[in-house]
Amino acid sequence: MLPSDPVILLSYVNTKLRDEYPSLRELCASLDADETALRDTLAALNYEYDPARNQFV
């Protein structure tokens, strides 16, 4: 289950991407998370996924 607070979600997802997953797609598949909803939630904080850096920036 992903954190519901968007700021904590950002930290959680970026840590997971850094430490465990080579891509956002793999993270979402492994955690059974909706990639579009995740992107939309973090876009509301003005963060977008950067595949070259494998993190939300």
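Visitor: In which helix is K16 found?
Guide: K16 belongs to helix α1. Please keep in mind that this is a predicted model.

Visitor: Is K16 buried or exposed?
Guide: K16 has a relative accessible area of 17%. Buried means under 20%, so K16 counts as buried.

Visitor: Which residues does K16 touch, not counting those up to four places away in sequence?
Guide: With those set aside, K16 touches Y21 and L27.

Visitor: Where do α1 and α2 stand relative to each other, and at what angle do their axes cross?
Guide: The axes of α1, residues 6–19, and α2, residues 24–31, come within 10 Å and cross at roughly 110 degrees. The two helices are therefore roughly perpendicular.

Visitor: Which residues make that contact?
Guide: From α1 come Y12, V13, K16 and L17, and from α2 come L24, L27 and L31. Sorted by class, the contact has 6 nonpolar residues, 1 charged residue and no polar ones.

Visitor: Why are an angle and a distance both given for two packed helices?
Guide: Two packed helices are described by the angle between their axes together with the distance between the axes.

Visitor: A change of topic, then. What is the secondary structure of the whole protein chain?
Guide: The protein chain has 3 helices and 2 strands. Along the sequence, these follow the pattern α-α-α-β-β.

Visitor: Where is Y47 in that pattern?
Guide: Y47 is in the loop between α3, which covers 35–43, and β1, which covers 49–50. Its relative accessibility is 30%, so Y47 counts as partly exposed.

Visitor: What is Y47 in contact with, leaving aside neighbours within four places in sequence?
Guide: Apart from those neighbours, Y47 is in contact with L10, L42, F56 and V57. Y47 and L10 are 37 residues apart in sequence, while their C-alpha atoms are 8.5 Å apart in space.

Visitor: What share of contacts in the chain join residues at least 24 apart?
Guide: Among contacts between residues at least 6 apart in sequence, 45% join residues at least 24 apart.

Visitor: And what does the C-alpha trace span?
Guide: Along its principal axes, the C-alpha trace spans about 25 × 25 × 20 Å. The radius of gyration is 10 Å, which agrees with the value near 10 Å for a compact globule with 57 residues.

How values were computed:
Residues numbered from 1 in each chain as written. Predicted model: local features only at pLDDT ≥ 70, side-chain atom pairs only at ≥ 80, totals over all residues. Heavy atoms only, no water. Helix = DSSP H or I, 4+ residues; strand = E, 2+ residues; numbered from the N terminus. Buried < 20%, exposed > 50% of the residue type's maximum accessible area, 1.4 Å probe, protein only. Contact = heavy atoms within 4.5 Å. Axes fitted to C-alpha atoms, helices over the stretch in contact; angles between N-to-C directions. Parallel < 35°, antiparallel > 145°, perpendicular 65-115°, else oblique. Nonpolar A, V, L, I, M, F, W, Y, C, P; charged D, E, K, R; others polar. Rg over C-alpha atoms; globule rule 2.2 N^0.38 Å.
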